[in-house]
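The sequence and model come first, and the notes follow by topic.

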Amino acid sequence: MSEIRCLADGFAFPEGPIAYPDGSVVLSEMAAGRLWRVLPDGTRELVAVVGGGPNGVGRLPDGRLVVCQNGGSTFGIGWWPYDFDGCAQLFRPVGAAADPVTPQLQLVATDGSVRTLALEFATRGGRATPLVRPSDICVDAEGGFYVTDGGTTRDRSRAMTGLLYGTADGRLEEVVYPLEMPNGVALSPDGGRVYVAETRTRRIWEFELSAPGRVAGGRGLATVPSGGPLNIGGADGLCVARDGTILVATLGAGGVTAFSPSGGLLGALPLDDPMTTNVTLGDDEQTLYVTLASTGRLLAISDWRAALALG
């Protein structure tokens, strides 16, 4: 029988969960600039203080962590998605950071020390370009990683960004451009495809890979259903089960949406936070971990397939 329980709470906008074989989960606390490890009994240990706004986190084969540092924001209670009747008031980013960090990828050693890994990337045309707002990351079998650069909105302009591929020596290059607010990113079980969620369009892209960091083709695979305040929705973090099931943290409606490898809608698990930001599976895939950002919780969902009413 499926069970949904709050494993830990009190986080300031949690994101980027990574499950470890011992049952612990490392996550980022975006509004506080910290990384935490949550143990199976719900207690927590500080992993690192990275400052700014840590978002997605990837674990390298040697145990070091790569952090998508978006530079930070000012957080508070604000209307979402607009400021008129029918909208929600949530804890969320409400403005620019008072003391911003340069957007970058950070490398966290196993002792908790932090250093800058990359501040810029090479565009497809070869031009060195500063990172805009790194969002999420997934690590491949070779120890390289795919990163979404989420972009920003300033005044009436929004930066167009894309999908990057990097290595632990600091090399970072663009492999797909443009994408509309790319966010969650995950690999297929065989490593031959990479999936990217576009938050604003609610679209899940599937890109075929000919080699690490080399895109051979792609297609729009699926669209996350809308819901929640004003029925808008959005696609945030995602993960992929060993059988190819794609699980997407769903904004607006709040919860998790599941798709088959061919893009068919399998089911949805509604949750009570419109800011459902990210998901990851436990090592044995029996437990699904979900970050609920505006309410500061990490959920553990056992027998998640039953909870999603799959098949």
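This is a predicted model: local features need pLDDT of at least 70, side-chain atom pairs count only at pLDDT 80 or more; totals for chains, interfaces and linings use all residues.

Glu15 has Ser28, in β3, as its bridge partner.

**Strand pairing**

- β2 and β3 (residues 25-29) run antiparallel and are joined by four bridges.
- Both strands belong to an open sheet of four strands, ordered β2-β3-β4-β5 with antiparallel pairing.
- At the edges of this sheet are β2 (14-19) and β5 (44-49), each of which pairs on one side only.
- From one strand to the next, the twist averages 25°.
- Elsewhere, β10 (residues 104-108) pairs with β11 (residues 114-118) in the antiparallel sense, over four bridges.
- Leu107 stands opposite Arg115 of β11.
- β10 and β11 make up a hairpin with five residues between them, and Gly112 in the turn has a positive phi of about 90°.

**Nonpolar cores**

- The largest nonpolar core has 18 residues, and Leu247, Val279, Leu288, Val290 and Trp304 have the most contacts inside it.
- At least two residues of this core come from each of β25 (246-251), β26 (255-259), β28 (276-281), β29 (287-292), β30 (297-302) and α1 (304-307).
- The most is given by β29, with three residues.
- Another core lies apart from this one and has 14 residues, including Cys68, Ala118, Phe121 and Val147.

**Salt bridges**

- The structure holds twelve salt bridges.
- One of them joins the side chains of Glu206 and Arg193, at 3.5 Å from N to O.
- This pair links distant parts of the chain, 13 residues apart: Glu206 is in β22 (residues 203-211) and Arg193 in β21 (residues 193-198).
- Glu206 counts as buried because its relative accessibility is 7%, under the 20% limit.
- Arg193, with a relative accessible area of 25%, is partly exposed.
- Arg203 and Glu198 meet through their side chains in a salt bridge of 2.9 Å, N to O.
- In that pair, Arg203 is partly exposed at 30% relative accessibility, whereas Glu198 is buried at 3%.
- A salt bridge of 2.9 Å, N to O, also forms between the side chains of Arg305 and Asp243.
- This pair links distant parts of the chain, 62 residues apart, with Arg305 in helix α1 and Asp243 in the loop between β24 (234-240) and β25.
- Arg305 is partly exposed at 30% relative accessibility, and Asp243 is partly exposed at 45%.

Terms used: Residues are numbered from 1 along each chain as its sequence is written. Side-chain values use heavy atoms; hydrogens and water are left out. Two strands pair if DSSP finds at least two bridges between them. Axes are lines fitted to C-alpha atoms, for helices over the stretch in contact, and angles run from 0 to 180 degrees between N-to-C directions. A nonpolar core is a set of buried Ala, Val, Leu, Ile, Met, Phe, Trp, Tyr and Cys residues joined through side-chain atoms within 4.5 Å. Buried means under 20% relative accessible area, exposed over 50%, partly exposed in between (1.4 Å probe, protein chains only). A salt bridge is a side-chain nitrogen of Lys or Arg within 4 Å of a carboxyl oxygen of Asp or Glu.
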